[in-house]
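Take a look at the chain below. This short report walks through a few of its residues and its nonpolar core.

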Amino acid sequence: MNGSLAPGAGGDLITYEGWGALGRPERLKPLVEKTDAYNGWAAIRRGDREHLAEQIAEEAGRLLDGPWPPQG
């Protein structure tokens, strides 16, 4: 959220390093799904990754406003 990582890269870190380690909490599922969409070939071909990157950043902000690590 401070701009040190692109939203896609930050989403990848949470998806591939954090989600499983945290027991796959449901609160992280929207971020994981948005990251998967961002990385999908359909988004790459359509060129709409910028919109998805904004959604990832918004979801990350929402998560940071709640308890960390997310439970349930």
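The model is predicted.

**Two residues in helices**

Start with Thr 35. This residue sits in helix H2, which spans residues 29-39. Thr 35 counts as buried because its relative accessible area is 0%, and buried means under 20%. A polar atom of its side chain lies 2.9 Å from the backbone oxygen of Leu 31.

Pro 7 belongs to helix H1, residues 7-18. Its relative accessibility is 32%, so Pro 7 counts as partly exposed. In sequence, Pro 7 and Ala 43 are 36 residues apart; in space, their C-alpha atoms are 15 Å apart.

| Residue | In contact with |
|---|---|
| Thr 35 | Gly 8, Gly 11, Asp 12, Thr 15, Ile 56 |
| Pro 7 | Ala 53, Ile 56, Ala 57 |
| Trp 19 | Ile 14, Arg 24, Pro 25, Leu 28, Lys 29, Val 32 |

**The nonpolar core**

Which residues make up the largest nonpolar core? There are 10 in all: Trp 19, Leu 28, Leu 31, Val 32, Tyr 38, Ala 43, Leu 52, Ala 53, Ile 56 and Leu 63. H4 gives the most, with four residues. In soluble globular proteins, nonpolar side chains tend to be buried together.

Trp 19 touches Leu 28 and Val 32, among others.

Definitions and conventions. Residues numbered from 1 in each chain as written. Predicted model: local features only at pLDDT ≥ 70, side-chain atom pairs only at ≥ 80, totals over all residues. Heavy atoms only, no water. Buried < 20%, exposed > 50% of the residue type's maximum accessible area, 1.4 Å probe, protein only. Polar contact = N/O pair within 3.5 Å; in protein donor to acceptor, adjacent residues only side chain to side chain. Contact = heavy atoms within 4.5 Å. Core = buried A, V, L, I, M, F, W, Y, C linked by side-chain atoms within 4.5 Å. Lists of a residue's contacts leave out its neighbours within four places in sequence.
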